[in-house]
Amino acid sequence: RAGVSPHAPYTVSARLFRDVHEYARRENLRITTHIAESTAEGLFVRHGSGPFAERLRERGIAVAAAGRSPVGYLSSLGLLRPEMLLAHAVDLDDADIDTLRRENPAVAHCPKSNANLAQGIARIADMKQAGIALSLGTDSVASNNVVDMFEEMRSAIFQQRASTHRVDALDAATVFRMATLGGAECLGLDRHLGSLETGKRADFAVVDLNDLAVRPVYDPIQSMVY
């Protein structure tokens with residue numbers, strides 16, 4: 001299935017965001033964007049300042065401050081809805097989390113990319129508690145040397161535990177669901193894949209847990225993820 005993906009607020013104008021969003025609604029397409037990925041993006045959207053603003057002005061492109069957070073900016077454009085997937089969502093305040101809970105877009109968490117680019121740690125534990133639909137992503141090889149979902153699962157758990165000082169901030173079962181059925185749900189594909197169920201596509205991987213490094217195996221999910 002096709003979808004549309006306007007990149008981010010510092011590369012896509014408000015008018016283009018609205019036009020792409022209207023096209024997606026008209027054609028019944030999913031829509032994805034990168035949002036709230038960095039402090040630099042936040043400066044650009046909130047204040048019209050920072051490195052992204054400087055680069056655009058150097059090229060003669062006018063920059064206007066939106067006066068709100070990146071998530072608040074998308075909300076003001078009418079873009080947030082269940083059919084939209086937001087990648088990253090690192091730079092969030094409490095009001096943003098409430099907006100996501102209310103307007104119900106999905107979030108793709110990319111822990112290794114966020115860490116590799118020194119962007120921070122997303123508030124996944126808080127988003128999970130708010131009931132926001134969560135999935136796990138790798139971003140791309142432009143920001144992630146190895147696009148490996150097993151590495152992403154481990155990184156997601158350890159980052160959340162380190163940032164919250166809570167062992168229960170994220171566990172193996174939750175992050176495994178984010179990497180499988182959660183991803184399918186966020187893409188609107190959960191009727192077809194994401195879990196092993198009668199009638200779904202046989203889209204699966206086999207993991208060998210016989211290695212001495214993971215034995216004894218008390219819980220297959222924990223052994224596989226950790």
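This is a predicted model: local features need pLDDT of at least 70, side-chain atom pairs count only at pLDDT 80 or more; totals for chains, interfaces and linings use all residues.
Residues are numbered from 1 along each chain as its sequence is written, and side-chain values use heavy atoms, with hydrogens and water left out. Local features need pLDDT of at least 70 and side-chain atom pairs count only at pLDDT 80 or more, while totals for chains, interfaces and linings use all residues.

Let's start with α2 (residues 39–47) and α3 (residues 51–58), whose axes come within 7 Å and cross at roughly 60 degrees. Helices here are DSSP runs of H or I with at least four residues, strands are runs of E with at least two, and both are numbered from the N terminus. The axes are lines fitted to C-alpha atoms, for helices over the stretch in contact, with angles running from 0 to 180 degrees between N-to-C directions. The pair is therefore oblique, given that under 35 degrees counts as roughly parallel, over 145 as roughly antiparallel, 65 to 115 as roughly perpendicular and the rest as oblique.

Who touches whom? Ala40, Glu41 and Phe44 of α2 meet Pro51, Phe52, Ala53 and Leu56 of α3, where contact means heavy atoms within 4.5 Å. Sorted by class, this contact has six nonpolar residues, no polar ones and one charged. For the classes, Ala, Val, Leu, Ile, Met, Phe, Trp, Tyr, Cys and Pro are nonpolar, Asp, Glu, Lys and Arg are charged, and the others, Gly among them, are polar.

Within α2, the buried residues are Ala40, Glu41, Gly42, Phe44 and Val45; buried means under 20% relative accessible area, exposed over 50%, and partly exposed in between, with a 1.4 Å probe and protein chains only. Their cover includes β2 (30–35), α3 and α4 (70–76).

Ala36, in the loop between β2 and α2, has phi near 55 degrees and is buried at a relative accessible area of 0%. Asn28 sits in the loop between α1 (14–27) and β2, with phi about 60 degrees, but Asn28 is exposed at 66%.

Ala36 also leads us to Leu92, which is 56 residues away in sequence yet 6.9 Å away in space, C-alpha to C-alpha. Leu92 lies in the loop between β3 (84–88) and α5 (94–103) and counts as buried because its relative accessibility is 9%. Beyond its neighbours within four places in sequence, Leu92 contacts Ala36, Val71, Ile97, Leu100, Arg123 and Met127.

On to the pockets. The largest has a volume of about 560 Å³, and among its 15 lining residues Phe176, Thr180, Asp203, Phe204 and Ala205 lie nearest its centre. A pocket is an open set of points on a 1 Å grid over the protein atoms alone, where a 1.4 Å probe fits, with protein on both sides within 12 Å along at least five of seven lines; lining residues have an atom within 4 Å of a point. Volume is the space filled by probe spheres set on the points, which are joined across faces, edges and corners. This lining has 11 nonpolar, three polar and one charged residue, and its largest share, three residues, comes from α8. Phe204 itself is exposed at 54%, in the loop between α10 (181–186) and α11 (220–225). That loop also holds Pro216, joined to Arg215 by a cis peptide bond with omega near 5 degrees.
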